[in-house]
Amino acid sequence: MTSPPDPVDQIRERISGYILSESTFRGEISFAVGVESIVECCSLLKNTLGFTYLVDVTVVDYLTVKFPRYEVVYLLHRFGENYEENLRIRLKVALEQDGPAIDSVTPVWSGANWLEREAYDMFGITFRGHPDPRRILMPEDYDQFPLRKDFDVRDRESSKRSFERALDEGLE
Amino acid sequence: MGVSSGPLLGGDGFLTTKISAVANWGRKNSLWPMAFGTACCAIEMMGTFSSRFDIARFGAETVRFSPRQADLMIVSGTITYKMASVCRRIYEQMPEPKWVIAMGSCTCGGGPFDSYAVVQGIDEFLPVDVYVGGCPPRPEALIDAVMKIQKKIDNEGPPIV
Ligand code: SF4
């Protein structure tokens, strides 16, 4: 009796051209993808492999721990009729310290819109081709990226400046 | 205040008082709160308003979400700098005389959030009359704060602006 084909094997085969490396931790599978091919890889995963749900886009700042400094992480989910067809994978893209930028995946999943805005707001990653590249949580004139590891989380000066500007605008 | 009655006045009793004393008596017994709830403390504030603790017993049950009809601002919850300008604007929209209660550790001094986004005490931008500590304070503590405001109105009248 032959066991049914492993769905991860099928995915690995289809996107092998984009994968730089692969790692597994406690059954969770992560693929490292090159920064230039992220949109192609994502549209293949969504349109032909059924990963219709972009769970999250987030960023890790390794500062001095690892090089390159930033890693953009995409969590993708596929819904299937059977249990084995339900699958969650992780894509990781390494980005340089100076002017980190990557193509937006909003054309693939419109749900990426706010997730990428948050990643920009907190880490200062530029998403090229994003339809609405504003900050989402912090005030629009805020000038820091608070979740970067070299930012002092108790530094309230920028927040105070934004607050004062908002007050002045309100009084006009 | 005094009570008089006499044949010259037809036998009916009447009160003598000052207009400010009557006005303050009215003010303190019909405080209309503007509930500015932004986090967990707001849940406790709702508990204080509703039947079990029933702040209506102190004349403060008419919660207005329109600042123009309120004279007591209860700021309950974490205030971020982004929200602070909104909070201040709402305070400015309230008609005089007006009072402010800072409910909870967050509004008193930032609470557990010593971070880049959170105001370390709303007295940075609002004139606070009563501070209520606690995370969150019990409804009794909020009622106590309302009673302190009432005493303050009785003793001092409207705040000098
Ligand atoms: S004081 Fe505590 S309960 Fe109140 S808003 Fe802050 S964290 Fe929440």
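Before I turn to the model, one convention: helices (H or I, at least four residues) and strands (E, at least two) are DSSP runs, numbered from the N terminus. What we have here is a predicted model, in which local features need pLDDT of at least 70 and side-chain atom pairs count only at pLDDT 80 or more, whereas totals for chains, interfaces and linings use all residues. Residues are numbered from 1 along each chain as its sequence is written, chains are lettered from A and ligands numbered from 1 in the order in which they are written, and side-chain values use heavy atoms, with hydrogens and water left out.

Let me start with the backbone of chain B. B:D54 sits in the loop between α2 and β4 of chain B, and its phi is positive, near 50°, although the residue is something other than glycine. With a relative accessible area of 25%, B:D54 is partly exposed, where buried means under 20% relative accessible area, exposed over 50%, and partly exposed in between (1.4 Å probe, protein chains only). That loop between α2 and β4 (72-76) also holds B:R57, which counts as exposed at 55% relative accessibility. B:R57 and B:N29 are 28 residues apart in sequence, and their C-alpha atoms are 9.5 Å apart in space. In helix α2 of chain B we find B:E44, partly exposed at 22% relative accessibility, and its C-alpha atom is separated by 14 Å from that of B:V63, 19 residues apart along the chain.

Now chain A, with four helices and seven strands, which from the N terminus on run α-β-β-α-β-β-β-β-α-β-α. Its C-alpha trace spans about 75 × 35 × 25 Å along its principal axes, and 41% of its 172 residues count as buried.

On to the rings. Rings of Phe, Tyr and Trp (its six-membered ring) pair if their centres lie within 6.5 Å, with planes under 30 degrees apart counted as stacked, over 60 as edge-to-face and the rest as tilted; the structure holds five such aromatic pairs over all chains. Why is the pair of A:Y53 and A:F79 stacked? The ring centres of A:Y53 and A:F79 are 5.7 Å apart and the planes lie at 15°, so the pair is stacked. This pair links distant parts of the chain, since A:Y53 belongs to strand β3 (residues 53-61) and A:F79 to the loop between β4 (70-78) and β5 (87-95) of chain A, 26 residues apart. A:Y53 is partly exposed at 36% relative accessibility, whereas A:F79, at 53%, counts as exposed. Across the two chains, A:F163, B:Y81 and B:F125 form one aromatic cluster.

There are charges over rings too, where NZ of Lys or CZ of Arg must be within 6 Å of the ring centre and within 35 degrees of the ring normal. The charged end of A:K66 sits over the ring of A:Y62, 4.4 Å from its centre, and B:K98 lies over the face of B:Y91 at 4.3 Å from the ring centre.

Finally, the ligand. A residue is near a molecule if one of its heavy atoms lies within 4 Å of it, and the residues around the ligand include B:C40, B:C41, B:C106, B:F113, B:C135 and B:P136. Helices α2 (40-49) and α4 (105-109) of chain B each supply at least two residues of this shell. For classes, Ala, Val, Leu, Ile, Met, Phe, Trp, Tyr, Cys and Pro count as nonpolar, Asp, Glu, Lys and Arg as charged, and the others, Gly among them, as polar; on that basis the shell has seven nonpolar, five polar and no charged residues. One backbone detail belongs here: a cis peptide bond joins B:C135 and B:P136, with omega about -10°, and B:P136 is found in the loop between β6 (130-132) and α5 (139-156) of chain B.
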